[in-house]
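Subject: Structure for your review

Dear colleague,

Please find below the structure that I am handing over to you. My findings follow it.

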Amino acid sequence: MTVSFHLCQPGRGASCGACCGLYNFRDHSRAALTQRLAEQTAQLRDVPKEMEAWRAAAKEFVESRNEPPLFPAVRVCPLLGFIDAEQRQVGCLGHPKVTGGVDLRDCGVYRASICETFTCPSFGWLEDAQARLVQAACPDWYLYGLVITDVEFVRGCLRLIERELGGPARPETMMARPAALEAVRRLFALKETAADRSPYAPIFGRFTPDTVGEPVSRMINYAKLGVRAAPEDDVVLCLGYDPADASVLTAARERVRIHIRAVARALMD
Ligand code: SF4
Ligand code: SF4
């Protein structure tokens, strides 16, 4: 394990529920997910904290869901919700620390022992400083989960910053300079803000469902678009672009470049 702190609930505004299926819908906008989490939280709040009652409530929630999962092979847990009153922290409503002692996670889509011990690939693939940069730049449940689970995106952004600087881009330096950290925040926030993507396409970052509903990696069809590959393309794909023509790809690359230059400028000032 490369990362030395727990990525799921690291604090300072950051929290994640991605492996509980948080984003596993075509419409994984902040508004849609906020509404889903708020409903699940409200519904479970008054259910007696007993296995049978929670199993029944969880089943009802899954059956009444108004949208199927984007990746049918990936489970979506109805026990995910807001674990604070201000709706700023996403987490497991069945966790003993949230229920006040009783462990109700067996009522979700996995066994409690799996929930307790699971660590996603980011724990091993991100370096400690990279993960800390994501935490510092994304003090927000929606954005943090999108970025901390996308190792290719984080690495791709850092590679582009290094390319722009012509030398190393150390996360520690970015965190130490408020203007640079703010520029990194805006770069990572492209996950939410980047324009001209198809919001309801069957796409999550660089993935799309295969025939059995498993996520498979997408590629840019350069031959069809009549363009060559560019250094920004990994990040462009991670942002969920599926360019239908060269002009969309060119504009997406430029959006990424603008933010990369802003980070580099802030680091050189
Ligand atoms: S996706 Fe990773 S960081 Fe997020 S809650 Fe799951 S294990 Fe934790
Ligand atoms: S029960 Fe497990 S899968 Fe469901 S929200 Fe809790 S931790 Fe996530």
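Helix H1 (residues 30–45) contributes the most to the lining of the largest cavity, with 4 residues; helices are DSSP runs of H or I of at least four residues, numbered from the N terminus. The model is predicted: local features need pLDDT of at least 70 and side-chain atom pairs pLDDT 80 or more, while totals for chains, interfaces and linings use all residues. Residues are numbered from 1 along each chain as its sequence is written, chains are lettered from A and ligands numbered from 1 in the order written, and side-chain values use heavy atoms, without hydrogens and water.

The largest cavity holds about 60 Å³ of space. On a 1 Å grid over the protein atoms alone, a cavity is a set of points where a 1.4 Å probe fits but cannot get out, a pocket is an open set with protein on both sides within 12 Å along at least five of seven lines, and lining residues have an atom within 4 Å of a point. Among the residues lining the largest cavity are Cys20, Phe25, Arg36 and Val76.

At least three lining residues come from each of domain 1 (18–122) and domain 2 (150–268), with bounds from an automatic or database domain assignment.

Ligand 1 has Leu7, Phe118 and Thr149 among its surrounding residues, a residue being near if one of its heavy atoms lies within 4 Å.

Yours sincerely

Terms used
Points joined across faces, edges and corners; volume = space filled by probe spheres on them. Helix = DSSP H or I, 4+ residues; strand = E, 2+ residues; numbered from the N terminus.
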